[in-house]
Amino acid sequence: MDSIESFKNQAGELDRLDTLSAFRYHFAPQDEQIIYLDGNSLGKLPIRTNALLHKVVTEQWGQRMIRSWNENWMGLSQRLSSKIARIIGAEPDEVFVGDNTSANFYKLAFAALKFQKERNKIVSDNLNFPSDLYLLQGLVSHHFADHHINMMLSDDGISINTKKIEEILDHKTALLTLSHVVFKSAFMYDMGIVNELAHKYNTLVLWDLSHSGGSVPVRLNETNADMAVGCTYKYLNGGPGAPAYLYVRKDLQEKLFNPIQGWFGHNEPFAFNLDYKARRSIERFAVGTPGILSMAAMEPGLDLILEAGIENLRLKSMAQSTFMQQMIYSHLITLGFSFASPEETQHRGSHLSLQHCEGYRISKAMISPKDGSPIIIPDFRPPNNIRLGIAPLYNTFTELFETVIRMRTIVVEEQYKLYNETVEEVT
Ligand SMILES: *Cc1c(COP(=O)(O)O)cnc(C)c1O
(Lines give C-alpha, C1' and ligand atoms only; values in the text may rest on other atoms or scores of the structure.)
Protein backbone atom coordinates (compact mmCIF):
# COMPACT_ATOMS: atom_id res chain seq x y z
CA MET A 1 0.00 0.00 0.00
CA ASP A 2 1.43 3.32 -1.13
CA SER A 3 1.40 6.17 1.31
CA ILE A 4 -0.55 9.33 0.70
CA GLU A 5 2.69 11.21 0.26
CA SER A 6 3.83 8.90 -2.49
CA PHE A 7 0.51 9.23 -4.36
CA LYS A 8 0.83 12.98 -4.08
CA ASN A 9 4.29 12.89 -5.64
CA GLN A 10 3.12 10.56 -8.38
CA ALA A 11 0.22 12.88 -9.21
CA GLY A 12 2.53 15.88 -9.43
CA GLU A 13 4.97 14.00 -11.63
CA LEU A 14 2.22 12.69 -13.94
CA ASP A 15 0.86 16.24 -14.31
CA ARG A 16 4.30 17.54 -15.23
CA LEU A 17 4.67 14.87 -17.92
CA ASP A 18 1.15 15.39 -19.28
CA THR A 19 1.30 16.59 -22.89
CA LEU A 20 -2.39 17.57 -22.81
CA SER A 21 -2.13 19.69 -19.67
CA ALA A 22 -2.60 23.02 -21.47
CA PHE A 23 -6.09 22.09 -22.69
CA ARG A 24 -7.61 22.77 -19.28
CA TYR A 25 -7.00 26.49 -19.84
CA HIS A 26 -9.46 26.41 -22.74
CA PHE A 27 -12.31 25.86 -20.29
CA ALA A 28 -14.28 28.01 -17.84
CA PRO A 29 -14.23 28.58 -14.97
CA GLN A 30 -10.55 28.97 -14.26
CA ASP A 31 -11.26 28.53 -10.59
CA GLU A 32 -8.78 26.21 -8.91
CA GLN A 33 -11.16 25.79 -5.99
CA ILE A 34 -13.60 23.65 -7.99
CA ILE A 35 -12.71 20.13 -9.01
CA TYR A 36 -15.19 19.14 -11.67
CA LEU A 37 -15.72 15.39 -12.05
CA ASP A 38 -19.02 15.52 -13.84
CA GLY A 39 -17.92 15.94 -17.43
CA ASN A 40 -19.78 12.72 -18.13
CA SER A 41 -23.06 14.48 -17.38
CA LEU A 42 -22.45 18.03 -18.52
CA GLY A 43 -19.08 18.88 -20.06
CA LYS A 44 -17.46 22.19 -19.18
CA LEU A 45 -17.83 25.40 -21.17
CA PRO A 46 -15.04 25.95 -23.71
CA ILE A 47 -14.02 29.60 -23.35
CA ARG A 48 -14.17 30.08 -27.13
CA THR A 49 -17.86 29.25 -27.05
CA ASN A 50 -18.64 32.57 -25.29
CA ALA A 51 -17.27 34.71 -28.09
CA LEU A 52 -18.63 32.48 -30.80
CA LEU A 53 -22.17 32.54 -29.45
CA HIS A 54 -21.99 36.29 -29.00
CA LYS A 55 -21.03 36.63 -32.65
CA VAL A 56 -23.73 34.28 -33.89
CA VAL A 57 -26.36 36.15 -31.91
CA THR A 58 -25.31 39.74 -32.55
CA GLU A 59 -23.95 39.47 -36.09
CA GLN A 60 -25.58 36.50 -37.75
CA TRP A 61 -28.99 36.75 -36.17
CA GLY A 62 -28.96 40.43 -35.14
CA GLN A 63 -27.46 42.01 -38.26
CA ARG A 64 -27.85 39.54 -41.08
CA MET A 65 -31.20 38.10 -39.99
CA ILE A 66 -32.79 35.62 -42.44
CA ARG A 67 -29.84 36.02 -44.84
CA SER A 68 -27.73 34.03 -42.38
CA TRP A 69 -29.46 30.81 -43.35
CA ASN A 70 -27.68 30.83 -46.69
CA GLU A 71 -24.58 32.61 -45.47
CA ASN A 72 -23.85 30.49 -42.41
CA TRP A 73 -26.49 28.20 -41.09
CA MET A 74 -27.41 25.77 -43.87
CA GLY A 75 -23.88 24.35 -43.93
CA LEU A 76 -23.49 24.20 -40.17
CA SER A 77 -25.02 20.80 -39.53
CA GLN A 78 -22.84 19.14 -42.17
CA ARG A 79 -19.71 20.77 -40.88
CA LEU A 80 -20.47 19.49 -37.39
CA SER A 81 -21.37 16.05 -38.74
CA SER A 82 -18.00 15.69 -40.37
CA LYS A 83 -16.23 16.64 -37.14
CA ILE A 84 -18.29 14.17 -35.11
CA ALA A 85 -17.66 11.53 -37.76
CA ARG A 86 -13.91 11.85 -37.16
CA ILE A 87 -14.44 11.37 -33.43
CA ILE A 88 -16.58 8.23 -33.79
CA GLY A 89 -14.77 6.56 -36.66
CA ALA A 90 -17.36 7.15 -39.38
CA GLU A 91 -17.61 8.97 -42.72
CA PRO A 92 -19.13 12.48 -42.78
CA ASP A 93 -22.06 11.34 -44.93
CA GLU A 94 -22.99 8.74 -42.31
CA VAL A 95 -23.62 11.20 -39.49
CA PHE A 96 -26.59 13.51 -38.88
CA VAL A 97 -26.54 16.15 -36.13
CA GLY A 98 -29.78 17.33 -34.58
CA ASP A 99 -32.66 16.57 -32.21
CA ASN A 100 -31.77 14.81 -28.97
CA THR A 101 -30.44 11.33 -28.29
CA SER A 102 -33.80 9.94 -27.25
CA ALA A 103 -35.54 11.22 -30.40
CA ASN A 104 -32.75 9.86 -32.59
CA PHE A 105 -32.90 6.53 -30.82
CA TYR A 106 -36.63 6.37 -31.50
CA LYS A 107 -36.15 7.13 -35.18
CA LEU A 108 -33.51 4.45 -35.68
CA ALA A 109 -35.09 1.76 -33.50
CA PHE A 110 -38.40 2.28 -35.30
CA ALA A 111 -36.72 2.17 -38.70
CA ALA A 112 -34.80 -0.99 -37.84
CA LEU A 113 -37.89 -2.82 -36.56
CA LYS A 114 -39.82 -1.88 -39.70
CA PHE A 115 -36.99 -3.06 -41.90
CA GLN A 116 -36.78 -6.39 -40.02
CA LYS A 117 -40.54 -6.81 -39.77
CA GLU A 118 -40.52 -10.59 -40.10
CA ARG A 119 -38.58 -10.80 -36.80
CA ASN A 120 -40.10 -9.96 -33.44
CA LYS A 121 -37.34 -10.10 -30.86
CA ILE A 122 -35.54 -7.08 -29.41
CA VAL A 123 -32.53 -7.56 -27.14
CA SER A 124 -31.04 -5.13 -24.62
CA ASP A 125 -29.64 -5.30 -21.11
CA ASN A 126 -30.47 -4.05 -17.63
CA LEU A 127 -27.37 -1.83 -17.55
CA ASN A 128 -28.74 0.29 -20.38
CA PHE A 129 -29.81 3.90 -20.01
CA PRO A 130 -33.47 3.90 -18.92
CA SER A 131 -34.58 6.34 -21.64
CA ASP A 132 -33.54 3.82 -24.31
CA LEU A 133 -35.57 1.12 -22.60
CA TYR A 134 -38.61 3.40 -22.24
CA LEU A 135 -38.42 4.13 -25.95
CA LEU A 136 -38.33 0.42 -26.77
CA GLN A 137 -41.26 -0.23 -24.45
CA GLY A 138 -43.19 2.55 -26.19
CA LEU A 139 -42.42 1.15 -29.62
CA VAL A 140 -43.74 -2.24 -28.58
CA SER A 141 -46.89 -0.93 -26.92
CA HIS A 142 -47.81 1.56 -29.65
CA HIS A 143 -46.49 0.08 -32.89
CA PHE A 144 -44.98 -3.39 -32.68
CA ALA A 145 -47.43 -5.36 -30.57
CA ASP A 146 -45.99 -8.76 -31.58
CA HIS A 147 -42.51 -7.87 -30.40
CA HIS A 148 -40.83 -8.87 -27.14
CA ILE A 149 -38.00 -7.14 -25.38
CA ASN A 150 -35.52 -9.71 -24.04
CA MET A 151 -33.31 -8.25 -21.34
CA MET A 152 -29.88 -9.66 -20.58
CA LEU A 153 -29.30 -9.39 -16.83
CA SER A 154 -25.92 -8.49 -15.42
CA ASP A 155 -24.67 -10.88 -12.73
CA ASP A 156 -22.70 -8.26 -10.81
CA GLY A 157 -24.48 -5.03 -11.77
CA ILE A 158 -21.27 -3.92 -13.46
CA SER A 159 -20.81 -5.81 -16.71
CA ILE A 160 -22.34 -8.33 -19.09
CA ASN A 161 -20.41 -11.34 -20.31
CA THR A 162 -20.33 -11.60 -24.12
CA LYS A 163 -21.48 -15.22 -23.71
CA LYS A 164 -24.91 -13.89 -22.76
CA ILE A 165 -25.14 -12.14 -26.10
CA GLU A 166 -24.16 -15.31 -27.90
CA GLU A 167 -26.84 -17.23 -26.03
CA ILE A 168 -29.68 -14.80 -26.54
CA LEU A 169 -29.32 -13.91 -30.23
CA ASP A 170 -31.16 -15.94 -32.85
CA HIS A 171 -32.77 -15.64 -36.26
CA LYS A 172 -35.83 -14.00 -34.69
CA THR A 173 -33.77 -11.13 -33.29
CA ALA A 174 -34.50 -7.94 -35.21
CA LEU A 175 -32.55 -5.52 -33.07
CA LEU A 176 -29.84 -5.57 -30.43
CA THR A 177 -29.33 -2.27 -28.66
CA LEU A 178 -26.73 -1.47 -26.01
CA SER A 179 -24.86 1.40 -24.46
CA HIS A 180 -21.28 1.15 -25.68
CA VAL A 181 -20.12 2.49 -22.30
CA VAL A 182 -22.65 1.85 -19.56
CA PHE A 183 -23.75 4.96 -17.67
CA LYS A 184 -23.49 3.63 -14.12
CA SER A 185 -20.48 1.32 -14.04
CA ALA A 186 -18.56 2.56 -17.13
CA PHE A 187 -18.35 -1.03 -18.43
CA MET A 188 -17.46 -0.93 -22.12
CA TYR A 189 -18.62 -3.52 -24.61
CA ASP A 190 -16.24 -4.74 -27.29
CA MET A 191 -18.04 -3.23 -30.25
CA GLY A 192 -16.28 -5.38 -32.84
CA ILE A 193 -17.12 -8.67 -31.15
CA VAL A 194 -20.75 -7.69 -30.52
CA ASN A 195 -21.31 -6.51 -34.10
CA GLU A 196 -19.83 -9.72 -35.43
CA LEU A 197 -22.00 -11.90 -33.20
CA ALA A 198 -25.14 -10.01 -34.20
CA HIS A 199 -24.34 -10.04 -37.89
CA LYS A 200 -24.20 -13.86 -37.87
CA TYR A 201 -27.97 -13.67 -37.46
CA ASN A 202 -28.45 -10.53 -39.57
CA THR A 203 -29.52 -8.77 -36.40
CA LEU A 204 -29.14 -5.00 -36.59
CA VAL A 205 -27.23 -3.33 -33.75
CA LEU A 206 -28.03 0.14 -32.43
CA TRP A 207 -25.31 1.56 -30.19
CA ASP A 208 -25.77 4.38 -27.72
CA LEU A 209 -22.48 6.28 -27.65
CA SER A 210 -23.47 8.95 -25.14
CA HIS A 211 -20.78 7.92 -22.65
CA SER A 212 -18.17 6.97 -25.22
CA GLY A 213 -18.19 9.73 -27.86
CA GLY A 214 -15.21 11.92 -26.99
CA SER A 215 -13.99 9.68 -24.17
CA VAL A 216 -12.88 6.51 -25.93
CA PRO A 217 -11.99 5.87 -29.58
CA VAL A 218 -15.14 4.59 -31.27
CA ARG A 219 -14.59 2.63 -34.48
CA LEU A 220 -17.96 2.47 -36.17
CA ASN A 221 -16.66 1.80 -39.68
CA GLU A 222 -13.84 -0.49 -38.67
CA THR A 223 -16.23 -2.71 -36.68
CA ASN A 224 -18.91 -2.59 -39.40
CA ALA A 225 -21.42 -0.98 -37.03
CA ASP A 226 -24.99 -0.57 -38.30
CA MET A 227 -26.46 2.33 -36.34
CA ALA A 228 -25.59 4.57 -33.42
CA VAL A 229 -26.82 7.58 -31.50
CA GLY A 230 -25.08 9.78 -28.95
CA CYS A 231 -25.21 13.06 -27.16
CA THR A 232 -22.79 15.97 -27.37
CA TYR A 233 -23.15 17.68 -24.01
CA LYS A 234 -21.07 15.17 -22.03
CA TYR A 235 -17.47 14.49 -23.08
CA LEU A 236 -17.94 16.58 -26.24
CA ASN A 237 -18.61 19.76 -24.23
CA GLY A 238 -21.40 20.96 -26.53
CA GLY A 239 -23.49 22.71 -23.85
CA PRO A 240 -26.67 21.88 -21.94
CA GLY A 241 -29.13 20.10 -24.22
CA ALA A 242 -26.82 20.45 -27.23
CA PRO A 243 -28.11 18.61 -30.31
CA ALA A 244 -27.34 14.91 -30.51
CA TYR A 245 -26.08 12.86 -33.43
CA LEU A 246 -27.00 9.67 -35.18
CA TYR A 247 -25.04 7.38 -37.47
CA VAL A 248 -26.28 4.93 -40.09
CA ARG A 249 -23.83 2.90 -42.16
CA LYS A 250 -23.85 4.02 -45.79
CA ASP A 251 -25.35 0.86 -47.31
CA LEU A 252 -28.20 0.82 -44.78
CA GLN A 253 -29.28 4.40 -45.30
CA GLU A 254 -31.66 3.74 -48.19
CA LYS A 255 -33.24 0.81 -46.39
CA LEU A 256 -34.17 2.68 -43.24
CA PHE A 257 -36.93 5.29 -43.13
CA ASN A 258 -37.44 8.10 -40.68
CA PRO A 259 -40.78 7.52 -38.92
CA ILE A 260 -41.10 11.28 -38.37
CA GLN A 261 -41.50 12.63 -41.88
CA GLY A 262 -40.81 16.31 -41.47
CA TRP A 263 -39.77 18.75 -44.16
CA PHE A 264 -36.06 18.74 -43.32
CA GLY A 265 -35.95 15.05 -44.23
CA HIS A 266 -37.65 15.77 -47.56
CA ASN A 267 -35.71 15.46 -50.77
CA GLU A 268 -36.43 19.11 -51.59
CA PRO A 269 -37.54 20.86 -48.44
CA PHE A 270 -37.75 24.28 -50.06
CA ALA A 271 -39.79 23.16 -53.08
CA PHE A 272 -42.79 22.96 -50.74
CA ASN A 273 -44.28 19.97 -52.56
CA LEU A 274 -47.34 18.58 -50.87
CA ASP A 275 -46.11 14.98 -50.99
CA TYR A 276 -43.29 13.57 -48.95
CA LYS A 277 -40.26 12.15 -50.66
CA ALA A 278 -37.40 11.07 -48.41
CA ARG A 279 -33.92 12.34 -49.07
CA ARG A 280 -31.43 9.75 -50.18
CA SER A 281 -28.72 10.90 -47.79
CA ILE A 282 -28.31 10.60 -44.03
CA GLU A 283 -30.25 13.89 -43.88
CA ARG A 284 -33.42 11.83 -44.30
CA PHE A 285 -33.22 11.49 -40.53
CA ALA A 286 -33.68 15.22 -40.07
CA VAL A 287 -37.13 16.38 -38.97
CA GLY A 288 -37.48 20.16 -38.74
CA THR A 289 -35.52 23.38 -38.36
CA PRO A 290 -32.34 22.79 -36.37
CA GLY A 291 -31.60 24.82 -33.22
CA ILE A 292 -28.89 27.03 -34.68
CA LEU A 293 -27.73 28.65 -31.45
CA SER A 294 -27.16 25.37 -29.68
CA MET A 295 -25.60 23.81 -32.77
CA ALA A 296 -23.20 26.71 -33.16
CA ALA A 297 -22.22 26.36 -29.51
CA MET A 298 -21.10 22.76 -30.10
CA GLU A 299 -18.25 23.48 -32.45
CA PRO A 300 -15.50 24.70 -30.08
CA GLY A 301 -15.95 21.56 -27.95
CA LEU A 302 -15.57 19.31 -30.98
CA ASP A 303 -12.53 21.26 -32.17
CA LEU A 304 -10.80 20.86 -28.81
CA ILE A 305 -11.33 17.08 -28.87
CA LEU A 306 -9.95 16.92 -32.40
CA GLU A 307 -6.97 19.11 -31.50
CA ALA A 308 -6.10 16.95 -28.51
CA GLY A 309 -6.70 13.72 -30.47
CA ILE A 310 -9.01 11.00 -29.27
CA GLU A 311 -6.21 8.43 -28.97
CA ASN A 312 -4.17 10.79 -26.77
CA LEU A 313 -7.22 11.50 -24.65
CA ARG A 314 -7.83 7.80 -24.17
CA LEU A 315 -4.24 7.21 -23.06
CA LYS A 316 -4.48 9.99 -20.51
CA SER A 317 -7.90 8.87 -19.33
CA MET A 318 -6.62 5.32 -18.80
CA ALA A 319 -3.60 6.56 -16.86
CA GLN A 320 -5.85 8.77 -14.75
CA SER A 321 -8.40 6.13 -14.00
CA THR A 322 -5.66 3.61 -13.13
CA PHE A 323 -4.07 6.13 -10.79
CA MET A 324 -7.37 6.85 -9.11
CA GLN A 325 -8.27 3.16 -8.86
CA GLN A 326 -4.98 2.42 -7.09
CA MET A 327 -5.59 5.22 -4.65
CA ILE A 328 -9.15 4.04 -4.04
CA TYR A 329 -7.87 0.56 -3.27
CA SER A 330 -5.22 1.88 -0.92
CA HIS A 331 -7.26 4.49 0.92
CA LEU A 332 -11.04 4.11 0.47
CA ILE A 333 -11.95 0.45 0.21
CA THR A 334 -11.45 -0.13 3.93
CA LEU A 335 -13.92 2.68 4.70
CA GLY A 336 -17.02 1.01 3.30
CA PHE A 337 -16.56 2.00 -0.32
CA SER A 338 -16.75 -0.62 -3.01
CA PHE A 339 -15.45 -0.34 -6.53
CA ALA A 340 -18.40 -0.60 -8.92
CA SER A 341 -16.61 -0.40 -12.27
CA PRO A 342 -14.72 -3.11 -14.19
CA GLU A 343 -11.30 -3.82 -12.70
CA GLU A 344 -9.38 -3.57 -15.99
CA THR A 345 -9.04 -0.12 -17.51
CA GLN A 346 -9.44 -1.42 -21.06
CA HIS A 347 -12.93 -2.66 -20.23
CA ARG A 348 -14.25 0.66 -19.02
CA GLY A 349 -14.89 4.16 -20.31
CA SER A 350 -13.67 7.31 -18.62
CA HIS A 351 -15.60 7.38 -15.36
CA LEU A 352 -15.35 5.37 -12.16
CA SER A 353 -18.23 4.32 -10.00
CA LEU A 354 -17.96 3.86 -6.25
CA GLN A 355 -20.64 2.58 -3.95
CA HIS A 356 -21.11 3.48 -0.33
CA CYS A 357 -24.21 3.14 1.83
CA GLU A 358 -23.85 6.87 2.61
CA GLY A 359 -23.12 7.66 -1.07
CA TYR A 360 -25.68 10.41 -1.36
CA ARG A 361 -24.59 12.35 1.71
CA ILE A 362 -20.92 11.87 0.85
CA SER A 363 -21.52 13.39 -2.57
CA LYS A 364 -23.34 16.31 -0.92
CA ALA A 365 -20.40 16.89 1.41
CA MET A 366 -18.06 16.91 -1.61
CA ILE A 367 -20.20 19.49 -3.42
CA SER A 368 -20.87 21.77 -0.44
CA PRO A 369 -17.92 21.55 1.96
CA LYS A 370 -18.37 23.30 5.30
CA ASP A 371 -14.69 23.25 6.27
CA GLY A 372 -13.10 25.30 3.48
CA SER A 373 -12.07 22.24 1.46
CA PRO A 374 -12.20 22.58 -2.32
CA ILE A 375 -15.60 22.05 -3.93
CA ILE A 376 -15.65 18.72 -5.74
CA ILE A 377 -18.49 17.96 -8.13
CA PRO A 378 -19.12 14.27 -8.84
CA ASP A 379 -22.57 12.92 -9.52
CA PHE A 380 -24.80 10.49 -7.83
CA ARG A 381 -26.86 7.67 -9.28
CA PRO A 382 -29.34 5.80 -7.09
CA PRO A 383 -29.29 3.79 -5.00
CA ASN A 384 -25.72 4.47 -3.81
CA ASN A 385 -23.36 5.16 -6.73
CA ILE A 386 -20.98 8.07 -6.71
CA ARG A 387 -19.72 8.58 -10.25
CA LEU A 388 -16.37 10.21 -10.76
CA GLY A 389 -16.24 11.42 -14.36
CA ILE A 390 -12.67 11.82 -15.51
CA ALA A 391 -12.42 14.26 -18.41
CA PRO A 392 -8.80 14.08 -19.60
CA LEU A 393 -9.18 17.38 -21.48
CA TYR A 394 -9.39 19.32 -18.25
CA ASN A 395 -8.86 17.13 -15.19
CA THR A 396 -5.43 16.83 -13.60
CA PHE A 397 -3.94 13.93 -11.69
CA THR A 398 -3.63 16.21 -8.68
CA GLU A 399 -7.38 16.84 -8.75
CA LEU A 400 -7.97 13.10 -8.66
CA PHE A 401 -5.54 12.80 -5.76
CA GLU A 402 -7.37 15.55 -3.86
CA THR A 403 -10.72 13.94 -4.52
CA VAL A 404 -9.76 10.63 -2.94
CA ILE A 405 -8.24 12.41 0.06
CA ARG A 406 -11.38 14.49 0.47
CA MET A 407 -13.66 11.44 0.28
CA ARG A 408 -11.50 9.77 2.88
CA THR A 409 -11.78 12.72 5.24
CA ILE A 410 -15.55 12.98 4.79
CA VAL A 411 -15.94 9.38 5.91
CA VAL A 412 -13.22 9.22 8.57
CA GLU A 413 -14.49 12.41 10.23
CA GLU A 414 -18.12 11.45 9.54
CA GLN A 415 -18.66 14.86 7.92
CA TYR A 416 -21.49 13.44 5.82
CA LYS A 417 -23.61 13.40 8.96
CA LEU A 418 -23.90 17.19 8.67
CA TYR A 419 -25.99 16.79 5.50
CA ASN A 420 -29.59 15.71 5.14
CA GLU A 421 -30.92 13.03 2.85
CA THR A 422 -33.19 15.24 0.73
CA VAL A 423 -32.50 14.34 -2.86
CA GLU A 424 -32.37 17.20 -5.40
CA GLU A 425 -34.18 16.85 -8.71
CA VAL A 426 -30.99 16.71 -10.78
CA THR A 427 -28.14 14.81 -9.13
C1 LIG B 1 -26.95 11.02 -21.40
C2 LIG B 1 -27.49 9.88 -22.14
C3 LIG B 1 -28.59 10.03 -22.99
C4 LIG B 1 -29.27 11.36 -23.10
O5 LIG B 1 -30.43 11.35 -23.84
P6 LIG B 1 -31.13 12.74 -24.19
O7 LIG B 1 -32.23 12.37 -25.09
O8 LIG B 1 -30.08 13.60 -24.85
O9 LIG B 1 -31.57 13.37 -22.94
C10 LIG B 1 -29.02 8.93 -23.70
N11 LIG B 1 -28.41 7.74 -23.56
C12 LIG B 1 -27.34 7.56 -22.74
C13 LIG B 1 -26.67 6.24 -22.65
C14 LIG B 1 -26.87 8.62 -21.99
O15 LIG B 1 -25.84 8.45 -21.17
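## Around the ligand

A residue counts as near a molecule if one of its heavy atoms lies within 4 Å of it. By that rule, the residues around the ligand are Asn100, Thr101, Ser102, Phe129, Asp132, Ser179, Asp208, Ser210, His211, Tyr233 and Lys234.

This is a predicted model, where local features need pLDDT of at least 70 and side-chain atom pairs count only at pLDDT 80 or more, while totals for chains, interfaces and linings use all residues. Side-chain values use heavy atoms, leaving out hydrogens and water, and residues are numbered from 1 along each chain as its sequence is written.

## Polar contacts

Let's look at some polar contacts (pairs of N or O atoms within 3.5 Å). Lys234 has a polar side-chain atom 2.5 Å from a ligand oxygen, and for Ser102 that distance is 2.6 Å.

## Helices α4 and α9

Now for a helix pair (helices are DSSP runs of H or I, at least four residues, numbered from the N terminus). Helix α4 (residues 76-88) and helix α9 (residues 292-308) cross at roughly 30°, and their axes come within 10 Å; axes are lines fitted to C-alpha atoms over the stretch in contact, and angles run from 0 to 180 degrees between N-to-C directions. That makes α4 roughly parallel to α9, a label for angles under 35 degrees.

## Helices α10 and α12

Helix α10 (residues 310-331) packs against helix α12 (residues 397-412) at about 25°, with the axes 10 Å apart. So α10 and α12 are roughly parallel as well.

Definitions and conventions
Helix = DSSP H or I, 4+ residues; strand = E, 2+ residues; numbered from the N terminus. Parallel < 35°, antiparallel > 145°, perpendicular 65-115°, else oblique. Polar contact = N/O pair within 3.5 Å; in protein donor to acceptor, adjacent residues only side chain to side chain.
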